[in-house]
Amino acid sequence: MHTPITPFALHRWQEGKRPDVRSGWRGTSPEFGEIVLTCPLPRVVPESVVSEARGGLLPVTTFESRGIHVENLRLPTLNRATLRVGDRHVHLARNRIGATLVQRALQLRHAGDTYRLAALDRRGYTLTRTADAEDPGVTVTVRESGRGRGAQLAVRAEGRAEGADLALALVFAGVDRSALTRVGAVRAGVRRVTELWAEASY
């Protein structure tokens, strides 16, 4: 189902007690229903951190980072990541040495479609499904505002979207996307060297 998306917002939520605290974003899309983003899910597998988007008409979508480097991470990162929409694996690729936001954008392939995830800044990003002969494509923009319990994610789309488009866009709100920005790319490079050193010493 490809449909225009009415702009909507997701709000911060948290429930439970340590070590089983769950938190993330929650809200309702008029077209796709109630949506819950949990970031991260409670950890049940060593050396794995996972964020998940689900609800309404969205396919369950997960983003997972694995490795010894994730033990102290709050959110999964773009390193050693696995992205799934339902049972389908999404291919990921990016240019780690790109000089601009466009060059550093994350490239995705899912179900015959190609996407580009690009940072707008530290708190906002776009996911664009490339146009083809049968469809003009769509761009979903997600931007965080506010702090603490008053924080929210504003979501809007240009074009007609389907559930997978929206799920893919939203799950990245539960991912450390800093490597897609200029400053974040430098920090990610330093962190990557540290991770490799730690694994070599393990």
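1. The lining of the largest pocket draws on several elements of this predicted model. Strands β2 (8–15), β3 (22–29), β10 (113–121), β11 (124–129) and β12 (138–145), together with helix α3 (182–201), each supply at least two residues of that lining. The space within the largest pocket comes to about 1,300 Å³. Its lining comprises 43 residues, and those closest to the centre are Arg12, Cys39, Arg74, Leu75 and Ala173. By class, the lining residues divide into 18 nonpolar, 10 polar and 15 charged.

2. Strand β11, one of the contributors to the pocket lining, is mostly covered, with six of its six residues buried. Burial applies to both faces: Gly124, Thr126 and Thr128 lie on one side, and Tyr125, Leu127 and Arg129 lie on the other.

3. The pairing of β11 deserves a separate remark. Strand β11 is joined to β10 in the antiparallel sense over six bridges, and the two strands form a hairpin with two residues between them. Within this pairing, aspartate 121 has glycine 124 of β11 as its bridge partner. Strand β11 also runs antiparallel to β12, to which six bridges join it. Here glycine 124 stands opposite arginine 143 of β12.

4. Nine of the nine residues of α2 (residues 163–171) are buried, so the helix is largely enclosed by the rest of the structure. The buried residues are Gly163, Ala164, Asp165, Leu166, Ala167, Leu168, Ala169, Leu170 and Val171.

5. One aromatic pair is found in a search of the whole structure. The ring centres of phenylalanine 63 and phenylalanine 172 are 5.4 Å apart and the ring planes lie at 65°; because an angle over 60 degrees counts as edge-to-face, the pair is assigned to that class. The pair links distant parts of the chain, since phenylalanine 63 belongs to strand β6 (residues 58–66) and phenylalanine 172 to the loop between α2 and α3, 109 residues apart. Both phenylalanine 63 and phenylalanine 172 are buried.

How values were computed
Residues numbered from 1 in each chain as written. Predicted model: local features only at pLDDT ≥ 70, side-chain atom pairs only at ≥ 80, totals over all residues. Heavy atoms only, no water. Buried < 20%, exposed > 50% of the residue type's maximum accessible area, 1.4 Å probe, protein only. Helix = DSSP H or I, 4+ residues; strand = E, 2+ residues; numbered from the N terminus. 1 Å grid on protein atoms, 1.4 Å probe; cavity = no way out; pocket = protein on both sides within 12 Å on 5 of 7 lines; lining within 4 Å. Points joined across faces, edges and corners; volume = space filled by probe spheres on them. Nonpolar A, V, L, I, M, F, W, Y, C, P; charged D, E, K, R; others polar. Pairing = 2+ DSSP bridges. Phe/Tyr/Trp six-rings, centres within 6.5 Å; stacked < 30°, edge-to-face > 60°.
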